[in-house]
Amino acid sequence: MQPIKVLVVDDSIVFRELLVQNLSRDPAIRVVASAKDPFEARDAILKYQPDVMTLDIELPRMNGIDFLRKLMPQYPLRVVVISSLSDKVFDAMGAGAVDFVAKPAVANRKQLEEFVRNELLVKVKIASTARIGNLKKGVIPREQQHLSAKKNNLIVAIGASTGGTEAIFSVVKDYGTDIPGIVCVQHMPPGFTGMYAKRLNDQCRIRVKEAETGDRVLPGHMLIAPGGDRHMHLVKVGDSYQVEVKAGPKVNGHCPSVEVLFESVAKAAGPDAVGIILTGMGGDGAKGLLSMRKAGARTIGQDESTCVVYGMPKVAYDLGAVEYQEKLSDIAGRTYALLNRM
């Protein structure tokens, strides 16, 4: 198997060389070039044809987001963004980046090496398998965007990983304020989930916030599990639903885990739920979605042709957890169709 050809783009010569040295230690990686700005990067792309590019956002002469917007239509490339804590990372995802990692704060050499080994290497390897150009945003017919009658105590649960920030937006932008309460896990570093929730809240008709223990799950609202070391659980309190966000060990390598959320939805909501599993590496959430289906919930999986990484939805489909497999642009419409039968 050929090693993954990687181009490293960062304006800091110290950080750039640390990335090159530590990525190169993995036999599955071959760093073919490094660049300090988009102009050097463009030349390196044409010369070396890398499989994956790591890209800082703050760069001289042209920022990383503008570079992506110019690059991707002409030369689609798998890109992992290395970002400080900023909502600009979501602009980069919207411009075509596959995934991102949080740039470590001022740290010693050992911590930077751990960052490359434990975070960046994983993202680069996942990105090398990603399908690029699969995030075309579809529009569903207006007549599908409403409930035929008011439904009480229904829940929509969504789980995603690699490629999920844009996939989730593509789905929920087509939900109206009549949609039942939504609970969502998107694998993301700490600090970014709050910014992501605000971004969705500003761009969608529904209201979106980062979840806190005790938050009620209300129609027309979505709660996103905070990134970090806590899982989100759905609980039923009387005739309504709330979430609990509490510490716990990683499940399927993740915290928060889609598995934990879906299992709690199966227990709390049973047949009064729709579960949706979107693009992502691995199998997090697949067994939980199966538990939901066995409890009577309706389930949807994103199809292979529109996934950035057809991992989580494939595992769920192979387990028999997916009732309907849909293109990304059709998932909102299918959600409403299922809710109207409940």
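## Cysteines

The structure holds zero disulfides (a disulfide is a pair of cysteine sulfur atoms within 2.5 Å). Cys255 is in none; its nearest cysteine sulfur, that of Cys184, is 15 Å away. Cys255 counts as buried because its relative accessibility is 13% (buried is under 20% relative accessible area, exposed over 50%, partly exposed in between, with a 1.4 Å probe and protein chains only). The sulfur of Cys307 also has Cys184 as its closest cysteine, at 15 Å, too far for a bond. Cys307 is buried, at 0%.

## Basis of the model

This is a predicted model: local features need pLDDT of at least 70, side-chain atom pairs count only at pLDDT 80 or more, and totals for chains, interfaces and linings use all residues. Residues are numbered from 1 along each chain as its sequence is written, and side-chain values use heavy atoms, leaving out hydrogens and water.

## Open sheet

Seven strands form an open, parallel sheet in the order β8-β9-β7-β6-β12-β13-β14. Strands are DSSP runs of E, at least two residues; helices are runs of H or I, at least four; both are numbered from the N terminus. Two strands pair if DSSP finds at least two bridges between them. β8 (207-210) and β14 (324-326) stand at the edges with a single partner strand each, so one side of each lacks a neighbour in the sheet.

β8 runs parallel to β9 (residues 221-224), joined by four bridges. Val208 has Met222 as its bridge partner in β9.

## Helix α1

Helix α1 covers residues 13-24. Its buried residues include Phe15, Leu19 and Leu23.

Note on methods: The expected span of a helix is 1.5 Å times one less than its number of residues.
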